[in-house]
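Have a look at the sequence and the 3D structure below.

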Amino acid sequence: MKLRHLVLLTYLLILTACTTTIEQGEKPSLRLYVMDCGELTFLDIGAFGIDNSETNVRTLFVPCYLIQHPSGQNLLWDAGLDPALVTTGPQTVDGMTLRYQRSVVDQLADVGLAPSDINLLAISHFHFDHAGAVGLFPDSTLLIQESEYQAAFVDYKSNPVYNYDVYSSLADNEMRIVDGDTDVFGDGSVMVISAPGHTAGHQVLFVDLKNHGPLILSGDLYHFRLSRTDRRVPQFNVDAEQTLASMEKIESLVRFRGVTLWIEHDKALAETLKMAPDFYD
């Protein structure tokens, strides 16, 4: 418990410093675009630590997010499923059906951007449903935790949760390798927050929007609403204890700042959100 409190105190001090920076000047005007990058439908959700009888939810939304910073830089957070599914149509593998209707490239074009306009690429973690389109962004700088880089790019052969073929092209990208919570643009408006457990270097994204208010994009910290309310840990997480500690860290931030948290895979939530080319600011 002492360690948990120390980690939390350290983090709150970091965030308070960032908040002070924002309040000393005019708050940056960010734009956040939500894009539909596929969906996953499961016959059995037991692997998520949830019994099939506990919820009738079987389909998970797969998002990509574009964050436009007032400096002119563009950040893509998570890259969804493999866009090849748009052409092939739905595919069923191991009791899971994958669907993808419109490529992230076409959705970026709706905003007036091409893949070459994406300056930064930050993936919550390197599972296939978050990294499926990364090969389309060879000019982007990858922002990645040191622990995720080690597990996904160096030791991937001994980590079966990764499919290196999905994202191997990124090995040639410029990389910004970080260790822990990181201020992306240097003004406190967008922060990558370390939240390991689902994978070794799993991270979530904090975005401080002027009109909507502060928001956290959850990555796979949670998959279902029940995962959050009951602190359910999927069987395939690499470290259950780390997962629970990360949940506590993020929930403490939610309480401390009054932050809204979006469970990225929550399809019911996604159906209520504005989709690109509309945006949140």
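Leaving out residues up to four places away in sequence, His223 touches Phe48, Leu60, His198, Pro234, Phe236, Ile263, His265 and Asp266. Touching, or contact, means heavy atoms within 4.5 Å. You'll find His223 in the loop between strand S12 (213-217) and helix H7 (225-229). Those labels are DSSP runs numbered from the N terminus: helices are H or I with at least four residues, strands are E with at least two.

Is His223 buried or exposed? His223 counts as buried, because its relative accessibility is 4% (buried means under 20% relative accessible area, exposed over 50%, and partly exposed in between, with a 1.4 Å probe and protein chains only). The side chain of His223 also makes a polar contact with the side chain of Asp220, at 3.1 Å. A polar contact is a pair of N or O atoms within 3.5 Å; within protein, one must be able to donate a hydrogen and the other to accept it, and residues adjacent in sequence count only if both atoms are side-chain atoms.

## Before you go on

This is a predicted model, where local features need pLDDT of at least 70 and side-chain atom pairs count only at pLDDT 80 or more, while totals for chains, interfaces and linings use all residues. Residues are numbered from 1 along each chain as its sequence is written, and side-chain values use heavy atoms, with hydrogens and water left out.

## The whole protein

The protein has nine helices and 13 strands. Its radius of gyration is 18 Å, close to the 19 Å that the globule rule gives for 281 residues, so the protein is as compact as a globular protein of that length. (The radius is taken over C-alpha atoms, and the rule is 2.2 Å times the number of residues to the power 0.38.) Along the principal axes, the C-alpha atoms fill a box of roughly 50 × 45 × 40 Å.

Of the 281 residues, 53% count as buried. Among contacts between residues at least 6 apart in sequence, 66% join residues at least 24 apart. The protein exposes about 12,200 Å², and carbon and sulfur atoms supply 50% of that area (worked out by the Shrake-Rupley method with a 1.4 Å probe; for residues, only the protein chains shown count as cover).

## An eight-stranded sheet

Now for the sheet. Eight strands form an open sheet with mixed pairing, in the order S4-S5-S1-S2-S3-S6-S7-S8. Its edge strands are S4 (91-93) and S8 (175-178), each pairing on one side only. Two strands pair if DSSP finds at least two bridges between them. From one strand to the next, the twist averages 25°; axes here are lines fitted to C-alpha atoms, for helices over the stretch in contact, and angles run from 0 to 180 degrees between N-to-C directions.

Follow a few strands across. S2 (residues 59-68) and S3 pair in the antiparallel sense over five bridges. Their hairpin has five residues between the strands, and Gly72 takes a positive phi near 100° there. S3 and S6 run parallel, joined by three bridges, with Trp77 standing opposite Ala122 in S6. Three bridges also join S6 (residues 120-122) to S7 (residues 141-145), again in parallel, and Ala122 stands opposite Leu143 in S7. Helix H5 (residues 146-154) lies across S7 and S8, running at about 100° to S7.

## Asn74, inside the sheet

How many residues of S3 are buried? Six of the six are, so S3 is largely enclosed by the rest of the structure. Asn74 is found in this strand (residues 74-79), and Asn74 is buried with a relative accessible area of 7%.

Gln68 stands opposite Asn74, and their side chains make a polar contact at 3.2 Å. The backbone oxygen of Asp117 lies 3.0 Å from a polar atom of the Asn74 side chain. Asn74 and Leu121 are 47 residues apart in sequence, yet 8.7 Å apart in space, C-alpha to C-alpha.

## A threonine in a helix

Thr243 sits in helix H8 (residues 240-257) and counts as buried, at 2% relative accessibility. A polar contact of 3.0 Å joins the side chains of Thr243 and Asn237. Apart from residues up to four places away in sequence, Thr243 touches Pro196, Gly197, His198, Leu221, Val233 and Asn237. His198 turns up among the residues that His223 touches, too.
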